[in-house]
Amino acid sequence: MATVKEVAQRAGVSLGTVSNVLNRPEVVSEALRTRVQDAIAELGFVRNESARQLRAGVSRTIAMVVLDVANPFFTDVIAGAEELAERHDALVVMCNSANSADREARHLRRLDQQRVLGVLLTPVHDAPSSALSEVRDHGTPVVLVDRGAATATGQASVAVDDVLGGRLAGEHLVGAGHRDIAYVGVAAPLRQVQERLRGVREAVGGAGTVHVVDATGMSVRAGSQAAAQILAGGEQDRPTAVFCANDLLALGVLNECVRRGVRVPDELAVVGYDDIGFAATATVPLTSVRQPRELLGRSAVELLLAQVEGRAAQQIVFEPELVVRRSTGRRARA
């Protein structure tokens, strides 16, 4: 690859002039600037941005560490983060913790070594890890995404009111006549999953029963397996509705219903959470609790950049909304 020295030789200028064209073009005359730019184009010169940032001690890279790269929810959050980051000449890169605390810690320590501008993190556990504390202690801004933080902690965060989201789903199902509802989540202590369960239980109250079905994960496959467990009994013994902790689980439930010939919503109503793109285009369009996914990403970057500028950490909580589709379109059977 061409070097700065070769560009200077081709343009017939000093190394300092080339450096100014690259970093402070306003201080170089138009004639010299044109000569250098022509030389860059002729030689195919590409600046080593990593080396420049290392020398300056400043990066324009924002890292986002997510729980599951296969979940479209995070794809949409990252799209929102990239949208705002690009306006500020920053790059967003993604790391996948795969729900592993050890893997999350390795990512955080590597990112700390890379001197990234900041980290957007959906943590595996609610309690701050030692790796997260190290990153913060070294002065790297961190924003928790899809996970709330107490104001007293000084930790920036963007989240959604998941108790309200569970309540919206529960009120909708109770309003449609359902009194026996299954909640499909995971046994792992994920705050989002537990708060959605709390919300649906508050909505159902004494009007009915909420049965918890522990899935093996938060995937379509795990949802299919949970549905097989729910549908194993006779029609009179099973619940009339299922509320899932995310849309991937709900899509798995729908798939298993189709495979077994169980009519949705006539025999089983299904509600998901997140309202990912696949929800509206499912075989039976899925009723889902919508999270403002792109807004979460944009807001996370906004909070991170505010910290870079020395402003105090903030905590933002958004309200979800229920999107009703055919998967809950009829009243429960008597």
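Figure 1. A search of the whole structure, a predicted model, finds one cavity of 30 Å³ or more. On a 1 Å grid over the protein atoms alone, a cavity is a set of points where a 1.4 Å probe fits but cannot get out, and lining residues have an atom within 4 Å of a point. The space in the largest cavity amounts to about 210 Å³, a volume being the space filled by probe spheres set on grid points that are joined across faces, edges and corners. Of its 15 lining residues, L67, N71, F74, M218 and N246 are the closest to the centre. Two or more lining residues come from each of α5 (72–87) and α9 (191–204), and α9 gives the largest share, three residues. Helices (H or I, at least four residues) and strands (E, at least two) are DSSP runs, numbered from the N terminus. The lining comprises six nonpolar, five polar and four charged residues; Ala, Val, Leu, Ile, Met, Phe, Trp, Tyr, Cys and Pro count as nonpolar, Asp, Glu, Lys and Arg as charged, and the others, Gly among them, as polar. Local features require pLDDT of at least 70 and side-chain atom pairs pLDDT 80 or more, whereas totals for chains, interfaces and linings use all residues. Residues are numbered from 1 along each chain as its sequence is written, and side-chain values use heavy atoms, with hydrogens and water left out.

**Figure 2. The largest pocket.** The largest pocket has a volume of about 320 Å³. A pocket is an open set of grid points with protein on both sides within 12 Å along at least five of seven lines. Among the 22 lining residues, D126, A127, P128, S129 and L132 are the closest to the centre of the largest pocket. At least two lining residues are supplied by each of α6 (101–113) and α7 (130–137), with the largest share, four residues, from α6. By class, the lining of this pocket holds 10 nonpolar, six polar and six charged residues.

**Figure 3. Nonpolar cores.** A nonpolar core is a set of buried Ala, Val, Leu, Ile, Met, Phe, Trp, Tyr and Cys residues joined through side-chain atoms within 4.5 Å. Buried means under 20% relative accessible area, exposed over 50%, and partly exposed in between (1.4 Å probe, protein chains only). In the largest core, of 74 residues, I62, L120 and V184 touch the most other members. Apart from this core lies another of 14 residues, including C95, L108, L132 and L144. Beyond its neighbours within four places in sequence, V184 is in contact (heavy atoms within 4.5 Å) with residues including V213, A226, F243 and L249.

Figure 4. Strands pair if DSSP finds at least two bridges between them. Parallel strands β9 (residues 269–274) and β10 (residues 287–290) are joined by four bridges, and G272 stands opposite S288 of β10. Three bridges connect β10 with the antiparallel strand β12 (residues 321–323), where E321 is the bridge partner of R290.

Figure 5. Most residues other than glycine have a negative phi, and most peptide bonds are trans. V264 and P265 are joined by a cis peptide bond with omega of about 10°; P265 is found in the loop between α11 (247–260) and β9. R115, in the loop between α6 and β3 (118–121), has a positive phi near 55° and counts as partly exposed because its relative accessibility is 45%. D146 has a positive phi near 60° and is placed in the loop between β4 (142–145) and β5 (156–160). With a relative accessible area of 6%, D146 is buried.
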